[in-house]
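Let us walk through this structure one part at a time. Keep the sequence and the model in view as you read.

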Amino acid sequence: MNREPTLTYVYAVAVPTPELGRTVASLRGVADASLSLLPPLDATGPAAPAFVTSQVPHADWREEALRTHFEDLGWLESTARAHHHVIQALSDRATVLPLRMATLYQDEERALAALREQRPAFADRLALLAHHAEYGVKVYVRPDAADDGDGDAEAPDAAPRAAAPAPPSPGKAYLQARKRQHHAREDRYQQAARAAERIAAAAAPHATHAVRHPTQAGPLTRGAAGEDGENVLNDAYLVPDDRAETFRRAVQQAGEDLPGVRVDITGPWAPYSFAMPAPRTTDPRTGTGTGTGTDTDPPGGPT
């Protein structure tokens, strides 16, 4: 009986240990596939990085099939969840470099060749990420309930005017109201920008690296309590484990007493934003950019 052709799906890079091996053996990956560790065959020491892999059907994961799958939101969601479940379970047991969803090789020999080629970079990155976790900090501008008001209401105890001016024409009144709304909105965004700078400055001393991601829109901007807002800051921070609570307190305190602004802190996460391939990152203390990339991953993975 002929065996169905497969591709090698790679989830992450990690240094093999007995505990990690037991975790890998207990997990199922995308397409409900079993996982395995793929160490370099020429490794000379116990600290050589290995790939965490599974085998997936070639027919469902070849390039042409992926183009169709990436247009299927249901497939994308279930696959991303399965991929993330593996990464998070691994990160609970070891330092890992998460790779992008749908990182694929024709076979294990191709995967091993890539692992050998990038071994020094992988080892350096694993050393950098050891005893660290990723935290997200997002700042939102709350919707202004007064945007549709005309701004002419007086306080209950305001003194009566000596003489009321003649009311403007409907067209002029509309333009005046729109101008007031515009100025109020500008003031709100300026305040949010200052709040974002304040929060980023408070977070930086407690992190070793930071990445500024594009701001989000739509359902992703809804808070845990269902409140809406426009995302104006979307940062990721690499935080040492022993500074995690200090980091949280610093960000929370910086976000207190900021009217019209919501601050969300998420994590700890596996270091997606600081793994390889990685976007250009910034040391929050020096402003120096760092980061490396690799061309082994296909397009379409999450960022």
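Start with Asp257, which follows helix α8 and has a positive phi, near 60 degrees. Helices here (H or I, at least four residues) and strands (E, at least two) are DSSP runs, numbered from the N terminus. The model is predicted: local features need pLDDT of at least 70, side-chain atom pairs count only at pLDDT 80 or more, and totals for chains, interfaces and linings use all residues. Residues are numbered from 1 along each chain as its sequence is written, and side-chain values use heavy atoms, leaving out hydrogens and water.

Now look at α8 itself. Helix α8 covers residues 244–255, twelve in number. The expected span of a helix is 1.5 Å times one less than its number of residues.

Next come the nonpolar cores. A nonpolar core is a set of buried Ala, Val, Leu, Ile, Met, Phe, Trp, Tyr and Cys residues joined through side-chain atoms within 4.5 Å. The largest has 25 residues, and Tyr9, Tyr11, Trp61 and Leu90 touch the most other members. β1 (6–14), α1 (18–26), β3 (50–57) and α4 each supply at least two residues of this core. Its largest share, six residues, comes from α4. Apart from it lies another core of 22 residues, among them Ala202, Ala244, Phe247 and Ala254.

Turn to the aromatic rings. Rings of Phe, Tyr and Trp (its six-membered ring) pair if their centres lie within 6.5 Å; planes under 30 degrees apart count as stacked, over 60 as edge-to-face and the rest as tilted. This rule gives eight aromatic pairs. Trp61 and Trp75 have ring centres 5.3 Å apart and planes at 55 degrees, so this pair is tilted. Trp61 lies in α2 (residues 58–61) and Trp75 in α4 (residues 73–91), so the pair ties together parts 14 residues apart in sequence. Phe70 and Trp75 form an edge-to-face pair, at 5.9 Å centre to centre and 75 degrees between the planes. Phe70 is partly exposed, at 23% relative accessible area, whereas Trp75 is buried, at 16%.

Methods: Buried means under 20% relative accessible area, exposed over 50%, partly exposed in between (1.4 Å probe, protein chains only).
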